[in-house]
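Biologist: Please take a close look at the ligand site, and then at the sheet. What surrounds the ligand, and which of its atoms make polar contacts?

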Amino acid sequence: MSFTTPYKVLCVCLGNICRSPTAEVVLRHFCDAHQLNIEIDSAGTSNYHPNKAPDLRSQEHALKRGYDLSGLRARQLQTRDFVHFDLILAMDNNNFDEIQMLYQTASREFGTGQLRAKVALMSEHDTQYPQQALPDPYYGGSDGFERVLDQCESSSQAWVHIFKQQIESY
Ligand code: 4NP
């Protein structure tokens, strides 16, 4: 991690309309609060909702905590994301496996030496939700959307702690 070029993080779920847009905005909030120069984006492993705004339920629950998701638009994860981003965060284990499969395609397309991205779970360093999958709220009720926000806030703070350690040891 350098002080000049922003470190780049991509949050990835299945549809890019519930969990990963929430993770993008929550992680950005905590990075900004700690004045970390980090670029954050999100994407889905599927192309179910291209160019769609986040699910209205996600938007409404997030807004109650002060997070505005309205400007985001869904897109599918691309092989070039493995070249551009330093860290790709999977929201659950299925996402993690899909990301790893596309990593193989990207390494054939660009060569392994060109790929920057490390892949980890969003909850990798989260002591409150240790390596737990972020449950998909899409087919459930409002408690699922609150759980996504709770877990995104907890996991984001854990990542901020890690990013600060990396900067201090640089
Ligand atoms: P997400 O949730 O992966 O958190 O964005 C979902 C959104 C849409 C669908 C599944 C999960 N879907 O099947 O359309």
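Modeller: A ligand oxygen atom lies 2.8 Å from a polar backbone atom of Gly15, and a ligand oxygen is 3.2 Å from a polar backbone atom of Asn16. From the side chain of Arg19, an N or O atom is 2.8 Å from an oxygen of the ligand. A polar contact here is a pair of N or O atoms within 3.5 Å. Of the 360 Å² of accessible area that the ligand has on its own, the protein covers 93% (Shrake-Rupley method, 1.4 Å probe). This is a predicted model, in which local features need pLDDT of at least 70 and side-chain atom pairs count only at pLDDT 80 or more, while totals for chains, interfaces and linings use all residues. Residues are numbered from 1 along each chain as its sequence is written, and side-chain values use heavy atoms, with hydrogens and water left out.

The residues around the ligand, each with a heavy atom within 4 Å of it, include Cys13, Leu14, Ile17, Cys18, Tyr48, His49 and Asp136. This shell divides into seven nonpolar, three polar and two charged residues, with Tyr and Cys counted as nonpolar and Gly as polar.

As for the sheet, four strands form an open sheet in the order E2-E1-E3-E4, with parallel pairing; strands are DSSP runs of at least two residues (E), and pairing needs at least two bridges. Strands E2 (38-44) and E4 (118-121) are at the edges with a single partner each, so one side of each has no neighbour in the sheet. The average twist from one strand to the next is 25°. Seven bridges join E1 (residues 7-13) to E2, and Lys8 stands opposite Glu39 in E2.

Terms used. Polar contact = N/O pair within 3.5 Å; in protein donor to acceptor, adjacent residues only side chain to side chain. Axes fitted to C-alpha atoms, helices over the stretch in contact; angles between N-to-C directions.
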